[in-house]
Amino acid sequence: MNVLELKEVTKKYGEFVAVNKVSLDIEKGKILSLLGPSGCGKTTTLRIIAGFVSPDGGFVKIAGENVGHLRPYERNVGLLFQDYALFPHMTVAQNIAYGMKYRGVPSSEIPTRVKQMLSLVQLTGMEARYPSQLSGGQQQRVALARALATDPQIVLLDEPLSALDAKLRLELRIELKEILRSVGATTIVVTHDQEEALSLGDEVVVMREGKIVQRGTPRQIYEVPADKFVAEFVGRSNWLHGSRRGRSERGVCSYFTGDGLEIRTKSAQSDPDGNADLCVRPENIELIDDAVGKVAEDNEYNALPGVVLDVALLGADVHVVVELAGKKRLLAIRKNVGRSPALVPGQPVHALFSASDVLVF
C-alpha cells in the first residue's frame with residue numbers, strides 16, 4: 001500500500017513556479033531520497049507534505065486520506081529539521097516526549113515510550129541532559145527519536161546530516177538507515193548530497209527546476225542517468241563532445257572530437273551523423289603504460305594517449321588528471337591498494353575504458 005501519494009502538486013510564488021505538477025508515491029516501509037540542487041523544489045515539496053505550505057494545485061494523500069485540510073500538527077507526520085529545532089530549555093526526555101503530548105498518546109505510556117526511543121538511538125542515560133550539553137551527533141539522535149516517538153505514518157527528514165562534519169556524517173548515515181529500517185519507518189529524505197541520497201534511499205527522485213527528471217534505484221540513477229543533467233549532478237563525470245561517423249560495427253559506434261580523438265561507444269543512437277556529449281565516469285578509467293597501448297586495437301575499448309598532469313592522494317583513492325590532445329583533461333580515480341605503481345606528473349599513459357562505459361547524450 002502507498003502510504004503517501006502526491007498528484008500533480010504545484011506551488012507558485014508570484015511568477016516563480018517552485019513545484020511544477022509533481023506526482024510521486026511511496027510504499028510502506030520504504031525510504032525515498034529527494035535529490036537536487038538548491039532551489040529545485042525538493043524542500044518546498046517536503047513542506048507541502050508536512051502541511052507548512054499549501055499547494056496551489058494537486059493534492060496530497062497520506063494513508064489514502066486527502067490531508068489538504070489538515071494543519072501540520074493534525075497530520076501523523078514525524079519531522080527532523082536541518083537544525084534539529086530542539087527546545088533548549090527542555091531535557092532530552094522532555095524533547096522526545098513533547099510531540100506525544102499533542103498526538104493523543106496516554107500520559108501513562110509516555111515514559112515507557114521515551115525509554116524505548118532513547119534505547120533505539122543509543123542515548124540511554126542521557127535523558128536528563130539539555131541540548132547544549134550534547135554533541136551535534138547526539139542532538140541529531142534526539143531529534144530523530146522525537147520524530148519517531150509518535151509512531152508517524154511517514155517521517156520527513158530535511159537535510160538531516162548537513163550540520164555535521166564529514167566523518168560524523170558518514171557514521172550517522174549508516175546508523176540512521178539502520179534505525180529507520182528497524183522501526184519500519186516510511187521515510188522521505190531531502191538532500192543535495194548525492195552520496196547521502198544514494199546510500200539512504202531505496203529509490204532516488206532527482207528534481208530540477210520544480211520537476212522530477214528521474215526516479216529509480218540508486219544504481220539506475222547512477223549508471224543509467226536519464227539526461228545530461230542527472231549524469232553531471234550525480235557522481236563525477238568526464239565530458240567529451242564528438243560527432244558520429246559511419247555505421248556501427250558489432251554494436252560499437254565511433255565518435256570523433258574536434259581534436260581528432262576517436263571515442264568508441266556502445267550507443268543505441270540511430271543517427272549516423274549525430275553530435276553527442278560523451279560521459280565517462282572516473283572510476284571506469286584505467287591508466288596503462290604507454291608500451292601496451294595496442295589494447296586500442298580492440299574495438300570494444302578506448303585507449304586515449306595522454307600525459308599525467310596531476311596526482312592527488314585522497315586516502316583510499318588516488319585522483320589522477322590526464323591531459324589528452326587539445327588540452328582536454330580526464331580525471332581517473334584509482335584505488336590506493338599499495339600494489340599499483342605510482343604515477344608521476346609528466347608520465348605518458350593511455351586512458352583505457354570500455355565502449356560500454358561511455359554514456360551518450
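Analyst: Buried means under 20% relative accessible area, exposed over 50%, and partly exposed anything in between (1.4 Å probe, protein chains only). This is a predicted model, in which local features need pLDDT of at least 70 and side-chain atom pairs count only at pLDDT 80 or more, while totals for chains, interfaces and linings use all residues. Residues are numbered from 1 along each chain as its sequence is written, and side-chain values use heavy atoms, with hydrogens and water left out.

User: Thanks! Why is Phe229 called buried?

Analyst: Its relative accessible area is 16%, which is under the cut-off, so Phe229 is buried. Phe233, with 19%, is buried as well.

User: And what makes Phe229 and Phe233 an aromatic pair, and of which kind?

Analyst: A pair of aromatic rings is described by the distance of the centres and the angle of the planes. Rings of Phe, Tyr and Trp (its six-membered ring) pair if their centres lie within 6.5 Å; planes under 30 degrees apart count as stacked, over 60 as edge-to-face and the rest as tilted. A search of the whole structure finds 4 aromatic pairs. For Phe229 and Phe233 the centres are 5.8 Å apart and the planes 15 degrees apart, so this pair is stacked. The two residues are 4 apart in helix 8 (residues 228–233), so about one helical turn separates them.

User: Why is the pair of Trp239 and Phe361 called tilted?

Analyst: Here the angle between the planes is 45 degrees, which falls between the two limits, so the pair is tilted; the centres are 5.8 Å apart. It links distant parts of the chain, as Trp239 is in strand 11 (residues 238–244) and Phe361 in the segment after strand 20 (358–360), 122 residues apart. Helices (H or I, at least four residues) and strands (E, at least two) are DSSP runs, numbered from the N terminus.

User: Let's turn to helix packing. What is the orientation of helix 4 and helix 5, and how do you know?

Analyst: Helix 4 (residues 136–149) and helix 5 (residues 166–183) pack at about 20 degrees, with axes 11 Å apart. Angles under 35 degrees count as roughly parallel, over 145 as roughly antiparallel, 65 to 115 as roughly perpendicular and the rest as oblique. Helix 4 and helix 5 are therefore roughly parallel. Residues in contact (heavy atoms within 4.5 Å) include Leu144 and Leu148 of helix 4 and Leu172 and Leu176 of helix 5. By class, this contact has 8 nonpolar, 2 polar and 2 charged residues.

User: Which helices do the buried residues of helix 2 pack against?

Analyst: They pack against helix 3 (110–120) and helix 4. The buried residues of helix 2 (residues 92–101) include Val92, Ile96 and Met100.

User: Finally, what makes Glu178 exposed?

Analyst: Its relative accessible area is 52%, which is over the limit, so Glu178 is exposed. Glu178 is found in helix 5.

Conventions:
Axes fitted to C-alpha atoms, helices over the stretch in contact; angles between N-to-C directions. Nonpolar A, V, L, I, M, F, W, Y, C, P; charged D, E, K, R; others polar.
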